[in-house]
Amino acid sequence: MSGFPWISVLTLVPIAGAIVVLAVGAASHTVVRRTALGFSLIALALTLLLWYGFHPEANGYQYQEMHPWISMLNANYHVGIDGLGLLMLLLSAIVTPIGMLASRQVERQVSLYFALMLLLQACLFGTFTALSFIHWFIFWEMGLIPAFFLVRLWGGPKSAKAAMQFLVYTMVGSITMLMSFLAIFLATRSFDFVDIGRMAQSGRLMPEIVARLGWHLLTPEHTAMVIFAGVFLGFAVKVPVIPFHTWLPLTYTEAPTGTTILLTGAMSKMGLYGFLRILLPCFGVQMQHVLTPLLWLAVATIVLSAYTAWAQTDLKRMFAYSSINHLGYCILAIFAVAKFTGTDAGLMSQKFAAMDGVFLQMFNHGLTAATLFWFIAMLEKRSGGVRGLNDFGGLRRVMPVFTGLMGIALFSSLGLPGLNGFIGEFLIFKGSFPLVTWATALSVLGLLITAIFILGILQRVFYGALPEVWAQLPDLTVGERLSLVPVIGLMFVLGLYPQLVLGVVNHTAMQMALTLRNF
Amino acid sequence: MNWIVRNLWLIPMLPMVAAGIIAVTKRKGRMLAASLAIGSMSLSFLLSVWAFAHVVLLRNQGQIDLQVWNFRWFQFGNEWVSLGWILNPLTAVMVVMVTFVGLLIFIYSIGYMAHDENFTRFFGFLALFAAAMLGLIVANSLLLLFMCWEIVGLTSYLLIGFWYSNPRAAAASKKAFLTTRIGDLPFFLGIVWLYSKSGTLLFYNGGTGCLEPMSLEHLVAQRTTIGMCVATGIALLIFCGAVGKSGQFPLHVWLPDAMEGPTPVSALIHAATMVAAGVFLVARVYPLMSAHALVHGAVSTSAALQVVTWVGSITALFGALIAVAQYDIKRILAYSTISQLGYMMMGLGVGGVSVGMFHLITHAFFKSLLFLGAGSVIHGCSGEQDIRRMGGLGKLMPFTFATYAVGMLALCGFPLFFSGFWSKDEILHAAHVWDLSQIPFYMGAFAALLTAFYMARQMYYVFAGSTRLEVGEAHGDGANATAGMEHEHGPVPHESPAVMTVPLMTLAGCTLLLGFLGTPAWPWFQSFLEDTRLRVDFGAFAREGMFPVMISSSLIVFLGLGLGWWFYGREPVDAADAPDHLGRRVPAIFAVLGHAFYMDALYDKTFVRANIAFSRISTWLDRWVWNGAVQIVRYGTLAFAHMDSFIDNHVVNGAFDEGCEGVSRSGQILAKLQTGRVQSYLKVIGVALIVFTALLLWRANA
């Protein structure tokens, strides 16, 4: 690895982009859009370079940069990526241009809108590369600011309420998490994830905390549990896990669709990333203590969100709940991986499968959900904002290409083999079933209900008689088709050749699963 | 390794490539689409024949005729997931059947779909279907098989809903996909369970495959928590998939509705090939299905196969009963298909792979023949599907009539010259000598009687008497396909073009000849599949129960046909609105059968309604419970802030105004938490950060 600060540069590209976009703000909307898109594509190109230069078989973090930062807090500017970080960077870099392309309806304050989008992307990059808590937390929190304004200023009629709920809700989670980390810092004098994880795995972390903080009202186990609960809440809200999800449907629905794409495609992965990067290595023991209730939460997340999605009539709201459902599978697998299995080699291999499944599912969900919301944006643009499930019918007659391509995305979301969604779900179920049999068996219900509402969408929107009002809806333009081709193509590529991703992340997945062996 | 074994993947890949090219072909490229689909299918057929010949050759040389070719697909942890393909007699027989029947139906479709605006799309879907179906057959991995299985389900969905503007077609396609998926989910669990227990999903892999003795012994040795052995549990879960796909009771409800699709689709997918995939699946994993009995050396049937037998025999009888009281020409055939699939399952359960598979192959030919014949009838009657409005077509459509009659007699199991007789007889014989129970035999025999009866009924309705077709009332299936033909032909029934009748005659020829491959005297088919020595032995007829069963099943067929003549042949049906001759006598029973035992209504009232209710409940939970809890916290905070502010203003402020400014401000900040002003939020974050940092610094220095 050369000493070139690749990651810092990558994070700075969207920030620079935001400044440039604001500077050319007076120019025409098209110029602003193209500039912003250009910067996001530069970021994508940089990410691909990182992908190209990454050594999949190497241990630990790559492209590391480490500089002393706040010596009093013992905090360093420490960034680096492993397979998971790299995958998330790539996902953010893919999702951002999709979000921008889907923001055609934005007509007011265009330059500010795109500048905020780029800032959000910078925060995503920062979150997925930071290895020190302070630095990570700053990006995690700062990401809320552009997201808040994007929802608040360009959102739907209830955007004020939505933005507020989104902010307050995630803020509450952040604060409990901050408290827990302060407790850890006071005990360990470290904010470094790698150090803290190492201490946790050697069993020194919690005794240290109890000794230093000595909350006499609580037993040591309870102290550890309270600290775990604080961090858990922060991530559970972000993913989200039912019942900490109530901010999501409103926010996803009211946000401008381009922003929803970033929220669901990339930002929801921040929560899962936290589960994998922080919760599993640092709080494995605590998760094992409360594994059964955690599994119930996972099953509830999967099943209830699927059923609720089925009952929705607003397409965006439907996909919002569907997002919860898809990430629920990741949660299930993460909890399954946390289960104590001793040294059983067979079960270890199941953990590898589940972990690889989580990685794939995170990426695939990001890709598919972003694409589905993109289709909604294109539909909204044509229908003047109408997106009710029952407002359409027979659109296949006037928009055959749109129907075909959105059909592919819908079936990818349904988990059809041959498309990207399947392998991730297969690995998750394959790995989780032997580890947590009953929870996995119950979760299968989610797959059925997903099929029900996805076919329901196809039936009500694209099949049947075409209402007179929509008889003139134009099909996809050439430009739209061309911009969709890479995304849809990627769905096929990942469905048929998942090794493309697994070859890069498998080593990291194994490392992560193996660290748990020490508990 | 032989070339054909290594390149077996070409058989599914050729139609797949054709489907890919057709997908990006413009709507006007009709010729291109049809030639691509038919060309690729012909090549696949030739390759299949080659593969078949290769297996036959190996068999004759006495070599091992199970060859596999495996490759790595992707890795997880230290393992690789491998896929592969397999060439053995089962594969060889199936690929030849599917490519041959498929090819004929593709050709037929040129005529049938000639006037459809989405002709190009139709051939694209057909090619994709063929690719997935062939992939399913050559797969040497349960995972690859499942993937193709799901894609087959997708194409079935797309083709049932091909006339998408018809709401009934849209509903039927959704129902088909979802009902089969209900079976697929236990199947999926069975796959992951099998994977975790045997460590591989390859069927055969030089001794380490999941269907090979080592793995099977391992599976049989383990017990589940409820005492069943793991092998049985997995086998039953996999069988759930077969129940869904092969329209077995109680997941059969989608198949009759699937008749909303174009008739070539009904013939290819919902009669000859896809619905038989479930039967094929059971045959493929037969070592697992029968593992328990095999390993323990017991002669009795394994628990899993007992379930297969019972489900099959219930389905055989159930489908036949319902078919008696249907009026739609395609729905009669659909229920007949359900019934025959039940026979196949029963054959697998009581007799083994060759017994079930022989009926699968013969049925594929005569049932697709019947469906294509029905399509020809519908085409000739300008889209009419109600048999009460037909009649007299025997004279007007002679080729269709002759070929239909062949198919009908084969389906009934008319003795000696029709393939259905030999294959069905073998199942009945196996059921007769089954050591556990005679009930499946009687159920099967009664279903055979009903089969002869309802087919006779249909023949008299459609081809005898004089036409009852009314002008300009075309609706249903063919209405879309034939709408453009109205002006050419007028409402008079007419014979179909050669592109449709030639496939009919080819299939009829096969239907007649195929039976002789599996007679008891020269059981070539059975010996081919089960690797037993083949010899001509007319003494086989004298084996235990063989002759009596043949005689009695023949008598049953004559009785069924006779009853059909008694009710419908003696006095021809004279008016379209006249009550059914059987229905007139037993109206109550006839109504129950006509409504298919009200299964749809029952499911609607129970499962569907329960699920909808649950989706309402979960929405309600979302709105009132989860969100309610959040709102309570919110109002609690708000109340606290107000209280704090009240105390500040009225109690504290009065006396210690200056000193307690800090407290007051915090109260106001809390109050502002709900104002919705961003600035106040940022202020909260800022203050919190300052406080925490101060705390840290203080502790750090202390």
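A nonpolar core is here a set of buried Ala, Val, Leu, Ile, Met, Phe, Trp, Tyr and Cys residues joined through C-beta atoms within 7 Å, where buried requires 20 or more other C-beta atoms within 10 Å of a residue's own. The model is predicted, with local features needing pLDDT of at least 70 and side-chain atom pairs counting only at pLDDT 80 or more, while totals for chains, interfaces and linings use all residues. Residues are numbered from 1 along each chain as its sequence is written, and chains are lettered from A in the order in which they are written.

**Nonpolar core**
- The largest nonpolar core holds 441 residues, of which Ile334(A), Ala37(B), Val279(B) and Val282(B) touch the most other members.
- Helix H15 (residues 345–383) of chain A, helices being DSSP runs of H or I with at least four residues, gives this core its largest share, 20 residues.
- Beyond its neighbours within four places in sequence, Ala37(B) is in contact (C-beta atoms, placed from the backbone, within 7 Å) with residues including Phe106(B), Phe123(B) and Leu126(B).

**Contact between chains A and B**
- Chain B brings 47 residues to the contact and chain A brings 52 residues.
- On the side of chain B that touches chain A, the largest share, 14 residues, comes from H7(B).

**Ser190(A)**
- Ser190(A) lies in the loop between helix H7 (159–188) and helix H8 (193–201) of chain A.
- Ser190(A) counts as partly exposed because it has 19 C-beta neighbours inside 10 Å, a class that falls between buried and exposed, the latter meaning 12 or fewer.
- The C-alpha atoms of Ser190(A) and Gln312(A) are separated by 46 Å, and the two residues are 122 residues apart along the chain.

How values were computed. Contact = placed C-beta atoms within 7 Å. Helix = DSSP H or I, 4+ residues; strand = E, 2+ residues; numbered from the N terminus.
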